[in-house]
Amino acid sequence: MTAAPESVSPRCAVFEVCGGCSRQNLDGGSQLREKQSVLQRRLLEVGGIAAETYALLPPVTGPAWNYRRKARLAVRMVRRKGCVLVGFREKRGNYVTVMEACEVLAHGLAELIRPLRVLLDGLEARETIPQIEVTAGEAQGRAFSPTAALVVRHLRPLNPGDLNRLTEFAVQWSLQMYLQPAGVDSVFRLYPRQGPDRLYYHLPQFGLRLAFHPMDFLQINAAVNRRAVRLVTDLLELEPRDRVLDLFCGLGNFSLPAATICERVTGVEGSADMVARAEENARANGLQNTRFVTADLYRWNTDAPWAVEEYTKILIDPPRSGALETIPLIVASGANKLVYVSCNPETLARDARELARRGFNLKSAGVMDMFPHTSHIESVALFERLPTQQSGQSRT
Ligand SMILES: C[S@@+](CC[C@H](N)C(=O)[O-])C[C@H]1O[C@@H](n2cnc3c(N)ncnc32)[C@H](O)[C@@H]1O
């Protein structure tokens, strides 16, 4: 029997309106049970995989508040109110929430909401700035360097007065300030003028420091990510003789920890920028047993050297659309263990069905609470190849 969901008073004053969170009215345990239940239902209904046939992993959790280290905040000049609003969009409609603070943004970002409103209110360009991306990195020991970054999208050129005000704000709050005059490729740093345009996070259990650009894909919750990386390497039971393939590897968040244990890791990723970041991170951490490749994993070249090689273990962490197209590659790879990190239980379940049909059974699955207080479900699943070509869990 599962416990009934338990209601609590939302901590945030604008919870009813703000689209940033949707579950603050449920206690943490109920939120997790809800996510587990959605995952198990999807696996059954879409994947044809009954809960009795695999183990439910304990949820990976972290702090429920001030966890979010990256967000896109909307900006809007509201004539009726005579001021600029900065915040998440409302749950309903396209308005920007009137917010003074945020309970889920990471420390260092949450405190910026009110000062950002004041800053933007004072800009000549305040009607032509639609959004600001905010990202928090981690401190670098004793060396001083800004640990958070803002990327200001602006639709018209900024005048010298506005550029000065943005620079002064960056100095005052110890931030890196970036401008985005057009598409994502146009992003450049306004302040500081020197030093690498990077933020950093650490995976201390693996002795790693990873660098990223504020526009890079980044796992949003630092504490849960650390535990997720540990769990993934544990589930794969990595050993020194393993040759690992990490599909959708991003900046090397899983590949580099795996490389501290294994013989060799190959990371494949669609974005050339992210591949460059993974290579930079391997070099900076002194890892020489990695190889990173740029390839579209929905249409890769089946003759590419990395695609025809043998691997012992595979890790995949695809976008919401899942990884159905990679299953022939997984099956041909020789690997017997696969860990699938998913941000969409629907596509995970669909792919689990196909994996089972191709001889990989689901052994265990669980949720990772990457986004507390939202309906977003991040999960992890371990698949193992059946010793013989018997039919798998799901029958089509
Ligand atoms: C959920 S992220 C995971 C990144 C990384 N594993 C991490 O933990 O930071 C998914 C990654 O898939 C990449 N991606 C999206 N579409 C792709 C495609 N068609 N082929 C290859 N990679 C793709 C994105 O650039 C992104 O880095």
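What distance separates the centres of domain 1 and domain 2, taken over C-alpha atoms? In this predicted model, the two centres are 35 Å apart. The chain has 396 residues, of which 45% count as buried, and its secondary structure comprises nine helices and 16 strands. The radius of gyration is 22 Å, close to the 21 Å given by the globule rule for 396 residues, so the chain is as compact as a globular protein of that length.

**Overall architecture**

- Taken along the principal axes, the box filled by the C-alpha atoms of the chain is roughly 70 × 50 × 40 Å.
- Among contacts in the chain with a separation of 6 or more, 66% come from residues 24 or more positions apart.
- The domain assignment builds domain 1 from residues 28–63, 221–242 and 312–385, while domain 2 covers residues 70–200.

**The eight-stranded sheet**

- Eight strands make up an open sheet with mixed pairing, in the order β1-β15-β16-β14-β13-β10-β11-β12.
- The edges are held by β1 (55–56) and β12 (290–294); each has a single partner strand, so one side of each is left without a neighbour in the sheet.
- Within this order, β15 (residues 360–368) and β16 (residues 378–385) pair in the antiparallel sense over eight bridges.
- Valine 367 has serine 379, in β16, as its bridge partner.

**The β8–β9 hairpin**

- Strand β8 (residues 199–203) pairs with β9 in the antiparallel sense, and five bridges join them.
- The two strands form a hairpin with four residues between them; in the turn, glycine 207 has a positive phi of about 65 degrees.
- Tyrosine 201 has leucine 210, in β9, as its bridge partner.
- In a regular strand, side chains alternate between the two faces of the sheet.
- Strand β9 (residues 208–212) has Leu208, Leu210 and Phe212 on a covered face, whereas Arg209 and Ala211 are on an uncovered one.

**The ligand shell**

- The shell contains 18 residues around the ligand, and those that come nearest are Phe248, Gly250, Asn253, Gly270 and Leu297.
- By class, the residues of the shell divide into ten nonpolar, five polar and three charged.

**Lysine 91**

- Lysine 91 is in the loop between β3 (83–87) and α2 (113–121).
- Is this residue buried, exposed or partly exposed? Lysine 91 has 15 other C-beta atoms within 10 Å, and is therefore partly exposed.
- Beyond its neighbours within four places in sequence, lysine 91 is in contact with Val17, Cys18 and Gly19.
- Serine 22 is 69 residues away from lysine 91 along the chain, yet 8.2 Å separate their C-alpha atoms.

**Threonine 312**

- Threonine 312 is in the loop between α7 (305–308) and β13 (313–316).
- Apart from residues up to four places away in sequence, threonine 312 touches Asp242, Arg243 and Ala335.
- Arginine 241 is 71 residues from threonine 312 in sequence, with a C-alpha to C-alpha distance of 8.7 Å.

Key. Residues numbered from 1 in each chain as written. Predicted model: local features only at pLDDT ≥ 70, side-chain atom pairs only at ≥ 80, totals over all residues. Near = placed C-beta within 6 Å. Nonpolar A, V, L, I, M, F, W, Y, C, P; charged D, E, K, R; others polar. Rg over C-alpha atoms; globule rule 2.2 N^0.38 Å. Buried ≥ 20, exposed ≤ 12 C-beta atoms within 10 Å, placed from the backbone. Contact = placed C-beta atoms within 7 Å. Domains from an automatic or database assignment. Pairing = 2+ DSSP bridges.
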